[in-house]
Amino acid sequence: MIKNICFVLLATTLMFVSACSKNTLTNVEKGNRDSELYIANADEPESLDPHVASGSPDANIILGLFEGLASLDPKTLEPSAGVATHWDISEDGKVYTFYLRENAKWSNGDNVTAHDFIYSWRRALQPALAAKFAYMMYPIKNAEAFNTGKLTDFNEVGVKALTDYTLEITLAHPTPYFILLLDHHSFYPVHKATIEKHGEIDNPNTLWTRAENFVGNGPFTLAEWKINQHIKLAKNPHYWDANTVKLNALHFLPITDQQAEERAFRTGQVHLTYSPQMANEKIATYRDNHPDVFQAYYTYSSYYYVFNTKRAPFDNIKVRQAFSMAIDRESITKNVTKGGEIPTFSVIPPDPQGYKPKAYYGYNPEKAKQLLAQAGYPNGKGFPTFYIHYNTLETHKKVAVAVQQMLKNVLNIDVQLHNEEWKVYLSTQKNHNFDVTRQAWIADYADPSNFFEIFLSYGGNNHSQWDNKQYDALVEEAARTMDSAKRFELFEQANKILADEMPIMPIYLYSDINLVQPYVKNWHPNILHRHHYKTVYLDPPEAP
């Protein structure tokens, strides 16, 4: 009887908190009335500068503030028009000509031109800016040389304005996925006058992203940013396709506690969660009893731990191999995460286009013990104290505790756990101030290269500091190879090197598990966990 009463109460609060229990409207009720969407965004963003940002909490917001040359269809993820109405590609696949729409505007009313993209990409490639995703621009002729300081004249980089609204891009070599890159925030334009009003072109820490200073070119503009409280984006009246935008505002709430996130959804404080995973304990309840608000689907993503390969004892390959073979991934996904995640021994997920990486090892406690002994630590004797770092989120903590217990049980190693707030955690990784750290990657575009490029020796996201020139050469060759079968062969050779040297410890492939009110329309599930807000709208049921 008590169980049935609880069920009825939970079902009732999924849509609204009973009106008789309060005198004020919930966020959801206000949002339904005013066409404003409330989103639980997991954490406070590090930055809203598209060339500096690096995490999902940042990217989720930036998607509403800027628009690139091309966009990705929210359903199919196929390239579609953005600031450019269309483009031509030369027969040799190296020259792209983009034709920009002449009614594209910045949020202050200025025209968006080809010159804005040239300025923005020159900024993103500035060595002093130290953009983590600068390497994604390396397919462009001389972009790498400029970013690494070998070339100082940006006029030699392969970007040219043929007219104010015609942009020509010359690649160093054909790149089969180049168009897909253009919807990544590292390729978004920034407003030159705004950047230079608040500092130098290569200064990542100026105040231009404050609400009172902000200028963007997306469907929304930054209206308010209260640190650790909320970020509000308002509809941009100057956006070229403003008539398509149905929402008047977006509200992002940084809710780091997954239980609090679920509670915020249940009590009408948010329309949806955007983590990408809800509280583990609540998954079965929503999946079984409230499927109308429960969304769970495969994402092109990976969850793994990173070893600092320049810090002992993790500079020893045998130690890294021992750790990875000591972890029972199936137990973690079955008993800890519980959301349909897939245990994995490769950090590269199966590619939607056909590439399926091989697994070169498995869960093998006895082999793990042998490897640790060969490394000089028989039965864990003499192994130094070390820390596993993770950012604040209950799931990360639970996975870390499980890994801690497995390493103790199998290798007799004591592990210390260290939780960090999001910005501190990112700084820890950037400065390589860790032994082992949690990491996850949701693909920026649907191609295996996006995962392999993480571990390039010069990649801005290679926090392991692992350096393998043979690996670099294979990934670079795959990037300029148009034949799919040949690319997959090169990828597999690189995958084998990752498995042999193990700078990272793959754990599982993500499932995107979130709560979304059924009347949030055009919120299409997709493997990139990416939602362009311009077509999203609210269609709530009429109040009784």
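Student: Which residues does T428 touch, leaving out those up to four places away in sequence?
Tutor: T428 touches H389, E420, N433 and F434. Keep in mind that this is a predicted model.

Student: Where does T428 lie?
Tutor: In helix α14, which covers residues 422-430.

Student: And does T428 count as buried or exposed?
Tutor: Buried. Its relative accessibility is 7%, and the cut-off for buried is under 20%.

Student: Switching to rings. How many aromatic pairs does the structure hold?
Tutor: 40. One of them is Y355 with F452, a tilted pair. Their centres are 6.2 Å apart, with 50° between the planes.

Student: What does the Y355 and F452 pair tie together?
Tutor: Parts that are 97 residues apart in sequence, because Y355 lies in the loop between β14 (342-343) and α12 (365-374), while F452 lies in helix α15 (residues 449-452). Both Y355 and F452 are buried.

Student: What about W466 and Y471, what kind of pair do they form?
Tutor: Edge-to-face. The figures are 5.1 Å centre to centre and 65° between the planes. W466 and Y471 are both buried.

Student: Last topic, charges over rings. Which ring face does R101 lie over?
Tutor: That of W240, at 3.4 Å from the ring centre.

Student: And K496, where does that lie?
Tutor: Over the face of Y360, at 5.4 Å from the ring centre.

Conventions
Residues are numbered from 1 along each chain as its sequence is written. This is a predicted model: local features need pLDDT of at least 70, side-chain atom pairs count only at pLDDT 80 or more; totals for chains, interfaces and linings use all residues. Side-chain values use heavy atoms; hydrogens and water are left out. Helices (H or I, at least four residues) and strands (E, at least two) are DSSP runs, numbered from the N terminus. Buried means under 20% relative accessible area, exposed over 50%, partly exposed in between (1.4 Å probe, protein chains only). Contact means heavy atoms within 4.5 Å. Rings of Phe, Tyr and Trp (its six-membered ring) pair if their centres lie within 6.5 Å; planes under 30 degrees apart count as stacked, over 60 as edge-to-face and the rest as tilted. A charge sits over a ring if NZ of Lys or CZ of Arg is within 6 Å of the ring centre and within 35 degrees of the ring normal.
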